[in-house]
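Please look at the sequence and the structure before reading on.

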Amino acid sequence: MDKAISQFDVPKLAELPEDIRERILAVQDKAGFVPNVFWVLAHRPDEFRAFFAYHDALMEKDSGLTKGEREMIVVATSGINQCQYCVVAHGAILRIREADPLIADQLAVNYRKADITARQRAMLDFAVQVSNAAHTVGPNDHARLAEHGFSADDIWDIGAIAAFFALSNRMANLTAMRPNDEFYLMGRMPRDAKA
């Protein structure tokens, strides 16, 4: 049974502007499939471009946070925000980035009990605070992160990723965005064990 990937109309590849079509085809070449977020957000091309420009600026740069830690923020906050799409999709990326088949499930259910460092727990405490109660953030929160070795730029990144994915979580829930089946098994088995 085919299930819809969104409550909204999803455009066909041929109907999309050339730049969006090229981006989708590049993702397909790299991943072997097109994550449904690309199809769903292509419903509004200008918003698609803005979303992925900010996503890439936050998630692909080099800084004091590893790419795995960035994904930890996404998975932990998305779990708290009950965003199935982001937990499943970014959980897959996290498992691969950290080479750990357990970490995504632990973070999505309760990051406070996950097998992570005290530094990462402080990072996630702050990310969850920004995601759900940003109005409570103050100098003491910044100081607590600094005690764990986070720079001012790192603190900005943690907060910006949490804030951006709070938007993403809400859009995924609004649109009833369905995770691709491919995401569920990614990073769960060592590459050598795959048939």
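In which helix is S78 found? S78 is found in helix α4. The model is a predicted one, and the values below are computed from it.

Is S78 buried or exposed? Its relative accessibility is 0%, and a residue counts as buried under 20%, so S78 is buried. Leaving aside neighbours within four places in sequence, S78 is in contact with C83, C86, V87 and N169.

Helix α4 covers residues 67-80, which is 14 residues. From its first C-alpha to its last it reaches 20 Å, close to the 20 Å expected at 1.5 Å a residue. Eleven of the 14 residues are buried, so α4 is largely enclosed by the rest of the structure. Among these buried residues are G68, E69, R70, E71 and I73, as well as S78. The cover over the buried residues of α4 includes the helices α3, α5, α6, α7 and α9. Just after α4, Q82 takes a positive phi of about 55 degrees.

In soluble globular proteins, nonpolar side chains tend to be buried together. The largest nonpolar core here has 57 residues, and I73, Y85, L107, L124 and I158 touch the most other members. At least two residues of this core come from each of α1, α2, α3, α4, α5, α6, α7 and α9. Helix α9 gives the largest share, eight residues. Which residues does I158 touch, not counting those up to four places away in sequence? I158 touches L65, I73, M123, F126, A127, L145 and F150.

**Aromatic pairs**

The structure holds nine aromatic pairs. One of them joins Y85 and F183; the ring centres are 6.3 Å apart and the planes stand at 85 degrees, which makes the pair edge-to-face. Y85 lies in helix α5 (residues 84-98) and F183 in helix α10 (residues 181-185), so the pair ties together parts that are 98 residues apart in sequence. Y85 is buried, with a relative accessible area of 4%, and F183 is buried as well, at 5%. Elsewhere, ring pairs link F38, F48, F51, F52, Y54, F164 and F165 into a cluster.

| Residue | Relative accessibility |
|---|---|
| S78 | 0% |
| Y85 | 4% |
| F183 | 5% |

**The whole protein**

How many helices and strands does the protein have? The secondary structure comes to ten helices and zero strands. The radius of gyration is 17 Å, close to the 16 Å that the globule rule gives for 195 residues, so the protein is as compact as a globular protein of that length. Along its principal axes, the C-alpha trace spans about 50 × 40 × 30 Å.

Buried residues make up 45% of the 195 residues. Among contacts between residues at least 6 apart in sequence, 68% join residues at least 24 apart. The protein exposes about 10,600 Å², and carbon and sulfur atoms supply 54% of that area.

Terms used: Residues are numbered from 1 along each chain as its sequence is written. This is a predicted model: local features need pLDDT of at least 70, side-chain atom pairs count only at pLDDT 80 or more; totals for chains, interfaces and linings use all residues. Side-chain values use heavy atoms; hydrogens and water are left out. Rings of Phe, Tyr and Trp (its six-membered ring) pair if their centres lie within 6.5 Å; planes under 30 degrees apart count as stacked, over 60 as edge-to-face and the rest as tilted. Helices (H or I, at least four residues) and strands (E, at least two) are DSSP runs, numbered from the N terminus. Buried means under 20% relative accessible area, exposed over 50%, partly exposed in between (1.4 Å probe, protein chains only). The expected span of a helix is 1.5 Å times one less than its number of residues. Contact means heavy atoms within 4.5 Å. The radius of gyration is taken over C-alpha atoms; the globule rule is 2.2 Å times the number of residues to the power 0.38. Accessible areas come from the Shrake-Rupley method with a 1.4 Å probe; for residues, only the protein chains shown count as cover. A nonpolar core is a set of buried Ala, Val, Leu, Ile, Met, Phe, Trp, Tyr and Cys residues joined through side-chain atoms within 4.5 Å.
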